[in-house]
Amino acid sequence: MTAPGPTVRTPGRRPDESMTLLREVTERPLDPGYAQMAERRARDRQSGQAGTGRSVPSLVTMLLVAILLGAATTVAVRELRAPQPVVAQGRAVLIEQIQDRGAQVESLSRRAVSLSSEVDGLQSDGLLPSALLDINELDRWVNGSLPVRGPGLVVRLTDGSGGGLVEPGDAPADSRVRDADVQFVVNELWAAGAEAVAVNDERLTSLSAIRNAGDAILVDLQPLNGPTYTIEAVGDPEKMQVGFARSAGLGFLQLLSAEYGIENDVSTSEGMYLPGAGAPTLRYAQSPRSAGARPTPSASASGAGAPTSQDRSQEDNG
Amino acid sequence: MIAIVGLVIGVVAGLVLQPTVPLVLQPYLPIAVVAALDALFGGLRAMLDGLFDDKVFLVSFLSNVVVAAFIVFLGDQLGVGGQLSTAVVVVLGIRIFSNAASIRRHIFKA
């Protein structure tokens, strides 16, 4: 294509000569081959050759090509219209299995809680002195095995929506609530005097860990369902509110909201019910005073390995 | 007319036999179908213009499909598959539209 230089334009040139491609597309959409062929046939007829048809082999070839094209197009259309490819089916099966197993885990852990409360009932029925039972019960309230009830503070973190312009699934990964955000809020709540904390109804115990696995936040290996994460803390609502406001917690929430669009909401609640996490099973840790017990490395490892937010908050307090 | 007869036989065969498309060819199906549509509209318009010819129709059909698929393949190799597919769809779409407009003028005289 020649550059339109300062040369004199011949009057026959079109002003849009540099856009031949677009002109070709819009002005002459019919294949020029048709016109050429028609012209040739007309010439043949004039010259009296009467070329009525083609040879048999070429007719057969054309028929075969036509059949092939028709079949190929039909197959392509059918394939594209196929409602559920194998991949999607496989995924649906996997999703179903995950949901099934999740429900099983939930029902089993509920059963564990009810069984442990049954054990409590049997224990309190006799034998043990009541003072010992009281201490036992208090311990288990504190460490999260038993459900508790009481007033307190509720902090809600909601995934940023990316400005509401995109689908929730397409929102930038930065605008999602991360494990560290939940951990920070939980720690500040412990520091503000919380006596029991639950995240999306998963009670935090002395063995709890809050961590990320892929995009999901896990509390005690239970994935939490977003986009809103509710952190409930039982304690003196006013004292906790003041403590939380004085701590770095509030500033952190403002930062999350300003930088990543993560919405938050802090409110007090008069009556909350935090479920119990059930009695934890210690496989390696033993009491140093029990008979035949020796300080094994695994005991100390499991003690130190569990990242307990309680421990940290106690350090903060002390 | 032999091209039309062949196409109809092919469509019926495709519907009856239901062969599966190899996975390698899957990415080229949409663009090939658009190219086939373009050829079909072109053939229909030529028929209404009185210019239809079996050979021209079949050759344009075949070359449309093959070239469209090849462009997409080339784009995939160069890492611009999506953009080249868009380009092909735009060009063929414009052609389909103006052929359809011409057909409309033939049928409705408007």
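**Exercise 1. Work out the order of the strands β4, β5 and β6 in the open sheet of chain A, and say which pairing they use.**

Step 1. In this predicted model, the open sheet has three strands, in the order β4-β5-β6 of chain A. The pairing is antiparallel.

Step 2. Now find the edges. β4 (210-213) and β6 (222-223) of chain A each have a single partner strand, so one side of each has no neighbour in the sheet.

Step 3. Look at one pair. β4(A) and β5 (residues 216-219) of chain A are joined by four bridges, in the antiparallel sense. Take A213(A) as an example: its bridge partner in β5(A) is A216(A).

Step 4. Recall the general rule. Strands of a sheet pair through backbone hydrogen bonds, either parallel or antiparallel.

**Exercise 2. Which strands of chain A does α6(A) lie across, and at what angle does α6(A) run to β4(A)?**

Step 1. Find the strands. α6(A) lies across β4 and β5 of chain A.

Step 2. Read the angle. α6(A) runs at about 170° to β4(A).

**Exercise 3. Describe how helices α6 and α8 of chain A cross.**

Step 1. Start with what is needed. Two packed helices are described by the angle between their axes and the distance between the axes.

Step 2. The axes of α6 (residues 179-191) and α8 (residues 248-260) of chain A come within 9 Å and cross at roughly 155°.

Step 3. Classify the angle. Angles over 145 degrees count as roughly antiparallel. α6(A) and α8(A) are therefore roughly antiparallel to each other.

Step 4. α6(A) passes α8(A) in a left-handed crossing.

Step 5. Name the residues. From α6(A) come D181(A), F184(A), V185(A) and E188(A). They meet A248(A), G249(A), F252(A) and L256(A) in α8(A). By class, this contact has five nonpolar, one polar and two charged residues.

**Exercise 4. How many residues of chain B are in contact with chain A, and how many of chain A with chain B?**

Step 1. Count each side. 36 residues of chain B touch 27 residues of chain A.

Step 2. Locate the chain B side. The elements giving two or more residues are α1 (2-17), α2 (29-49), α3 (54-78) and α4 (81-108) of chain B. The largest share, eleven residues, comes from α1(B).

Step 3. Sort by class. The side of chain B that touches chain A has 24 nonpolar, seven polar and five charged residues.

**Exercise 5. How many helices and strands does chain A have?**

Step 1. Count the elements. Chain A has ten helices and eight strands.

Step 2. Of the 318 residues in chain A, 22% are buried.

How values were computed:
Residues numbered from 1 in each chain as written. Chains lettered and ligands numbered in written order. Predicted model: local features only at pLDDT ≥ 70, side-chain atom pairs only at ≥ 80, totals over all residues. Contact = placed C-beta atoms within 7 Å. Nonpolar A, V, L, I, M, F, W, Y, C, P; charged D, E, K, R; others polar. Axes fitted to C-alpha atoms, helices over the stretch in contact; angles between N-to-C directions. Parallel < 35°, antiparallel > 145°, perpendicular 65-115°, else oblique. Left-handed = near helix turned anticlockwise from the far one by under 90°. Buried ≥ 20, exposed ≤ 12 C-beta atoms within 10 Å, placed from the backbone. Pairing = 2+ DSSP bridges.
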